[in-house]
Amino acid sequence: MEKNTRTGPGLFNLLMGTVLRHGLLIGASFLMLYPLLWMAASSFKPESIIFTDLSIIPPAFDFANYTLGWNALQQSFTVFFKNSIFVAILVVIGNVVSCSITAYAFARLEFRGRRVWFVVMLGTLMLPYHVTLIPQYVLFLNLGWIDTFLPLIVPKFLAADAFFIFLMVQFFRGIPRELDEAAVLDGCSPWRIYWKIMMPLSLPVLTTTAIFSFIWTWNDFLGPLVYLNDASNYTVPLALRSFMDSTGQSAFGQLFAMSVLAILPIFLFFLFFQRLIIEGVAHSGMKR
Amino acid sequence: MSTVAEKNSSERQSRSNAATRRDLIGYAFLTPWLIGFFCFSLGPVLVSLYLSFTKFDLLSPAVWVGTDNYARMFLDDPRFYQSLKVTFTYMTFEVPLKLAFALAVAMVLDKAIRGGAFYRALFYIPSLLGGSVAIAVLWRQLFEGNGTVNQILLWAFGYKGESWISNPETAIYTLVLLAVWQFGSPMIIFLAGLRQVPQDLYEAASMDGAGAFRKFYKITLPMLAPVIFFNMVLQIIEGFKAFTPAYVVSGGTGGPIDSTLFYTLYLYQEAFSYFRMGYASALAWILLIIIGCFTGISFLTSKYWVYYEDDPR
């Protein structure tokens, strides 16, 4: 990391530079995170002071907004969180399993037409979902899947997220071929190689896929908005939207409390998997 | 002689058997993806193209109307132009500002300083949360008439502001700000790029007496050009897809007076509020063509930024 070994400027200048830089960074961080901190603080404040109190430290940790907000809609947030968790977990499983199977075929198996299909798969990366949204809606409507979780889940079990396939192909190509060649000589079937060799060696990329699948699904708004109608099927983002529409300006404390709970899982994920997430962005950003 | 020929042909036979077996195995593994591809990508794209030439409201069968949808779009739909204008205005401000912030902060963090990873994580948090409804809800409150931004302006400058959200002049800029706030992910890509710039270039420049500005202009910018370009294309594509913030902040209307009517929001309204599925499909195809152009450019230039393959990190 030590790149610029300075020789010219004196210790004082160096110190001033460091202080200035840290001052700037701390200031910028505070400015950026202030809205989030303020929202978290406001979720503990009584409704009467939310709009006038700029402090990021609440006068007291009063959980009234949380308990009231949790039951403010016709269904309690227990239902919405259950729905969100259910969808997110199934999407994670679907993506990890189906994308790794597909990626294994592209990265390791020899068969006619592989190159062509690979290019086609890359092509689907560029496809904005708006183009497929309406025909997919018509398809799910005819299948009777509207107002169920199936439209959000089933495509993920059919490797619909080409981005993760691509990420995994890149990773699989980095695993030494000698390993599976030795396994072939030992009489291992491709399925066993996939399961016993590739999967255990690919934990980093599988984890990255799982994390990003979870975060994207958890935050997804358009999908649930289009496919889910009944309030008992709402995911957390839909519930927040309808909370905002129904209470308008009157219950911002409760709305903030539920918003804090909505982003809390993502925040926790980030705390635990920070390195993987940031590497994922640096890498996938490069290769997307 | 004959035995050799026989052996050859049986070898060829077994080789072609092996090839068939390999094909079978390969396609067995590929089956889930192939089903997904035909059902959720290729099929829908073709159906979408067909629907874009029809009038279709989900209840009655689609009726072929030729190019009527496209004609209406280009000749007789002010909201189509408004949504293009909103989207391009948004991107004209959002993309350069976001990239400038991302690059500036990345350059500060690239210097070996204590806590670099900590700051990097802090700056990335908004990118992680920014697309969620929760943050859009917060944003709406921040820029309301009696919202936090105006409270701060009042407290700091004694300035009494109006709602930034209900003013058609300013509403879009609150969304620009929300996007710029999420400069974390291009910043991380810039950081990876900055690590690739050979340090001896800077050392040589220092010996020649080049100042910080000159070094930035003559070394950092050219060396980083492919990454900047790549980030830009990525952000433009993302910009076209922006939906959630505009929907939540405007309550799904794109208002006030269509000033936040993003292209995707207009498409959504046409399809799922008015059930004009044919017209919405035509809108989707125009979007596909626009995004296709930008992606094409990025692919044609991809050879300039793939040198990250060898990143030993």
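The structure is a predicted model, in which local features need pLDDT of at least 70 and side-chain atom pairs count only at pLDDT 80 or more, while totals for chains, interfaces and linings use all residues. Residues are numbered from 1 along each chain as its sequence is written, and chains are lettered from A in the order in which they are written.

Chain A holds 14 helices and zero strands, where helices (H or I, at least four residues) and strands (E, at least two) are DSSP runs numbered from the N terminus. With a radius of gyration of 24 Å, well over the 19 Å that the globule rule gives for 288 residues, chain A is more spread out than a compact globule; the radius is taken over C-alpha atoms, and the rule is 2.2 Å times the number of residues to the power 0.38. The C-alpha trace of chain A spans about 70 × 70 × 35 Å along its principal axes.

Chain A is divided into two domains, whose bounds come from an automatic or database domain assignment, and their centres, taken over C-alpha atoms, are separated by 33 Å.

On the side of domain 1 that touches domain 2, helix 1 of chain A gives the most, with three residues.

Between the chains, the contact takes 66 residues from chain A and 75 residues from chain B, and helix 1 (residues 2-51) of chain B gives the most to the chain B side, with 20 residues.

Key: Contact = placed C-beta atoms within 7 Å.
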